[in-house]
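Look at the sequence and the 3D view first, then read on.

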Amino acid sequence: MTERVDHRVRDDTSPLDPAVLAGAESFARSWATAVIGSSYVPMTRAEVAQHLQDLTEMLVEALFASPFRTAPGYEIGSRLVDAHFTGTDTLGRTIQLLGDDLLAELGATGDDRLQSRLAALQGALAAGYARALRERTLAEQEAIRAAVLDARDQAESMLRASEARFRAMFTEAAIGIGIADIDGRILDVNQALQDMLGFSVEEMRQYNVRDLMHPEDAGSVWRLYDQLIAGECDHYRAEKRFHRADGEQVWTHLTLSLVRDDHGEPQYQVAMIEDVTDRHLLQNRLRYQALHDPLTGLPNRALFLERLGRVFNNRAKHVRAGLCYLDLDGFKVINDSLGHDTGDQLLVEVGRRLDHSVSGEGKLVARMGGDEFVILVEGSTGEQDIVDVADRVLTELEAPIRIAGHELSVSASIGIVERQLSGTTSADLMRDADITLYWAKADGKARWALYDPERNAREVARFTLSATMPRALERGEFYVEYQPLVRLEDSTVTGVEALVRWQHPEFGRLAPDRFIELAEETGLIVPLGRWVLRKACEEARRWLVEFGDAAPFVSVNLAVRQSRDPELVRDVKRILDECALPPHHLQLELTESAIMGTADEPLEALRALCDMGVRIAIDDFGTGYSNLAYLKHLPVHELKIAGSFMEGLRAENEEDPVDSQIVATLVQLAHALSLGVTAEGVETPAQATRLLRLGCDTGQGWFFARPGPPENIDSLLRGDL
Amino acid sequence: MERPNWAPGDIDLERPSVARIYDYWLGGAHNFAADRAVGQKALEYMPELRDVILNHRSFLRRAVRHLLERGVRQFLDLGSGIPTVGNVHEIAQGADPTSKIVYVDLDAVAVAHSRSLLNGNERVNVLQADVRDPAAVLASPEVNDLLDFDEPIAVLMIALMHFVSDDEKPAAIIGGYRDRLAPESFLAVSHAGYEADEETGSYRAVRSMYDRSVTPMTYRNKAEFTSLFDGFELVEPGVVRMPAWRPESPDDLEPSGRPFPAFAAVGRKA
């Protein structure tokens, strides 16, 4: 590199005689051949040969020089090293070749003086070579050691720069950083962490990581910590609270990382801690808002359902809970008459009273919306616990509430459910409480009702029936049976009552008392009644055709709702027309309350039917409330005395004088009004005999025949029986 | 926390260094006991190794001179090692003082030594980098401040690629350099290797000692060696045994009776 070598030792023309020169050239060639490959020299073979030629000439000159000096030999040795003939074989071969060949090549073999000079020059060459090589070796050793020092300095300064950078990062980081050893001894914390927790580094160093445990820490935080320390995981994140030096709390996001040594063994733990207190408080506020009713400040539906869900999630065997589902009575009236402001203030006061009367561990009062509240009681021991709560609430609400100069009395209805949690769900509990609240309302309000599974089952069955009824009508699950109305005097069948039945695919054959009321509620009674009417009229028409004057009329029940149906008259007329049935072959039976309670319009419908020639009968007479004065003016042809009066006439050898008297009076009353009388529920011959004696016109009951298919009537009419 | 990747590793003189072992074989004293121990051991396994090493050095000289004749004045010497006599800049700047050279080596000591020797030579830069990462080398100021990539550059890989395993994708590494080079640029490579049937116990012994004590070594055969020149046109005489690449005299081709265990070639980027 810097050691540039001038391969030309001398440029002037040699003063040596040509024969000697030729010998020198020949020697140089041998020399080159001997040493090439023994050292690395950055020269071509020709350059090496030239270099050695020059050195040979220098040597030969010194050999013959006067006065003789050994310095050139020394110089030649030195130049060999300079040219990087540093392989020690080079020196050995050179010395040997000089001794063996040089004098012979020069034609001076046997010249003792030259022999002696050559030996001296060989010695000098070896000394010069050794000295130059030694210096070169020392210089290179020194250079390489200096390079090592340089490289180390360089590496260290980079390391220092890197460490300074990391130190700056640690110190200046806005995130809190702490380092602890594997036993939890805190080694260092940065400024951000000191500020966050309010402790200095020195104070922090007194602590173990485990001292930073917070009672509210999730169990997972320390479970993961143990795993990390054991080297089972390398880092984890957690939400964690810390106590500040001033006693306040800090909410943080914690990331804990494990630092391992070169062998992979846990060595340090590094915590990165971000203060999220503000975010946490905001979240808390938002969460509070999301889970509370802004008007009353009570927990809202969402929080209640969440709590209820948790109760069910944490349930152990035999744990019980209860619910009061509460609804104010008549709140809508207050809202509508006094305004929403007053309504709202009322709700606030009710909420306050509820909260006041049921506060305590394991109890939660929530506003479900509107004027509905719910009280959850966890860990109840039985129904009585919840009944006590409900009683307390009802008492608490008794005192009038004064709002804007009004003294408002409010009451509430409460549905109570209390049960063991296993085997039920929160949805069941809520639904049952809701149903029970409805019962409390239906039972008269201002009270509580207790959930009753049997009542519920009945209602469910009722509901099932009412829900399946429309399709049942379409599918033809209904059918009509007929029971004869028999003239007592001569046992002639004068009429038949049409009675609807339901062949239910699940419940079997159902009597009208199971479904007529439901049909009334749902309104299905109108199409059902129309269907029965048509069926009965078709049958009546058939009897008329088959039996002529002996054919009975059909008596069809008309429900209250049907009697008020504006289409009634038109329906009846159309059916009679379509069946080609004379109107006097049809009798419609109405209950007392249906007829007496009617306003003008339905009464007009009855008159129209009556005018048409249809017979009208009052069913179950004597069990309702009849206005006897009014009765006189009604378009009625027949009274049917309720079967309950027949009890006393039943036995063969004694009779109840009161029942007997009532029936006699009713018969007289009817006859006084020119009405026919039919006794229902005639089950024994004694009853038939007594009724005849009392002047009753017609009888109906098992004594004569049970309700049955129309063919039974056919047989009766033919006199088959 | 991980040590940043720009922080140097420890400088451990107990660990043999490729660069210093080479210096030892070339007759230099830029080495320590651990280097010499490995160097001597290798010579015991394979006495002809010194000749092989001298030949790599000789190929370097011949290749640089040839490239100078072709007009190349910029050299990127990858894996340059300890600057022993007969270095690229001596040859190149001897021919044309304006020649520019960048030496690249991963060995911190070799780099520090090169810097101290070359301090003051404006046309030579020394870069400490891993030559297996062409992007990092080519992006360094040492390379970019000195070399003009619009002009031809000769990339030298002397006795280097047999320290790059197949897993490290040598072709991709060379491709990384090739793609930055202007047309008429060159690639010169010398590489320890032989055909499968030429393998001897001594070759294996040297390799396994290197694998164990210094750095893993991969001998390649002629076909594998030739594939390194993907994207280059081979200069005459193509891929040959190293001494046969443009020998300076017929005497350089000493018949040793056994095929020489190294290949060499120079390629020109089209």
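## Cores

The largest nonpolar core holds 118 residues. B:A154, B:V155 and B:L156 have the most contacts inside it. Helix α5 of chain A (residues 112–172) gives the most to this core: ten residues. A second, separate core has 66 residues, including A:Y482, A:V554, A:I595 and A:A688.

A nonpolar core here is a set of buried Ala, Val, Leu, Ile, Met, Phe, Trp, Tyr and Cys residues joined through C-beta atoms within 7 Å. A residue is buried if 20 or more other C-beta atoms lie within 10 Å of its own, exposed if 12 or fewer, and partly exposed in between, with C-beta atoms placed from the backbone. Two residues are in contact if their C-beta atoms, placed from the backbone, lie within 7 Å. Helices (H or I, at least four residues) and strands (E, at least two) are DSSP runs, numbered from the N terminus.

The model is predicted: local features need pLDDT of at least 70, side-chain atom pairs count only at pLDDT 80 or more, and totals for chains, interfaces and linings use all residues. Residues are numbered from 1 along each chain as its sequence is written, while chains are lettered from A and ligands numbered from 1 in the order in which they are written.

## Chain B

Chain B has ten helices and eight strands. Of its 270 residues, 49% count as buried. Among contacts in chain B between residues at least 6 apart in sequence, 72% join residues at least 24 apart.

B:V155 touches B:L76, B:L78, B:Y177 and B:L187, leaving aside residues up to four places away in sequence. Strand β5 of chain B (residues 186–192) has seven of seven residues buried, so the rest of the structure largely encloses it. Both faces of β5(B) are covered. B:F186, B:A188, B:S190 and B:A192 lie on one side, and B:L187, B:V189 and B:H191 on the other.

Two strand pairs can be set side by side. Strands pair if DSSP finds at least two bridges between them.

| Strands | Sense | Bridges |
|---|---|---|
| β4 (154–158) and β5 of chain B | parallel | five bridges |
| β4 (249–260) and β5 (266–275) of chain A | antiparallel | nine bridges |

In β5(B), B:F186 is the bridge partner of B:A154. In β5(A), A:E274 is the bridge partner of A:H253.

## Where the chains meet

In chain B, 32 residues are in contact with 30 residues of chain A. The largest share of chain B's side, six residues, comes from α5(B). The residues of that side divide into 16 nonpolar, nine polar and seven charged. Ala, Val, Leu, Ile, Met, Phe, Trp, Tyr, Cys and Pro count as nonpolar, Asp, Glu, Lys and Arg as charged, and the others, Gly among them, as polar.

Helix α5(B) (residues 108–118) is mostly covered, with ten of its eleven residues buried. Those buried residues pack against α5 of chain A, and also against α1 (18–25), β2 (100–105) and β3 (124–128) of chain B. B:G120 follows α5(B) and has a positive phi, near 105 degrees.

## Chain A

Five strands of chain A form an open sheet in the order β2-β1-β5-β4-β3, with antiparallel pairing. β2 (186–189) and β3 (235–243) of chain A stand at the edges with a single partner strand each, so one side of each has no neighbour in the sheet.

Helix α9 of chain A (residues 277–291) has zero buried residues among its 15, so it lies largely in the open.
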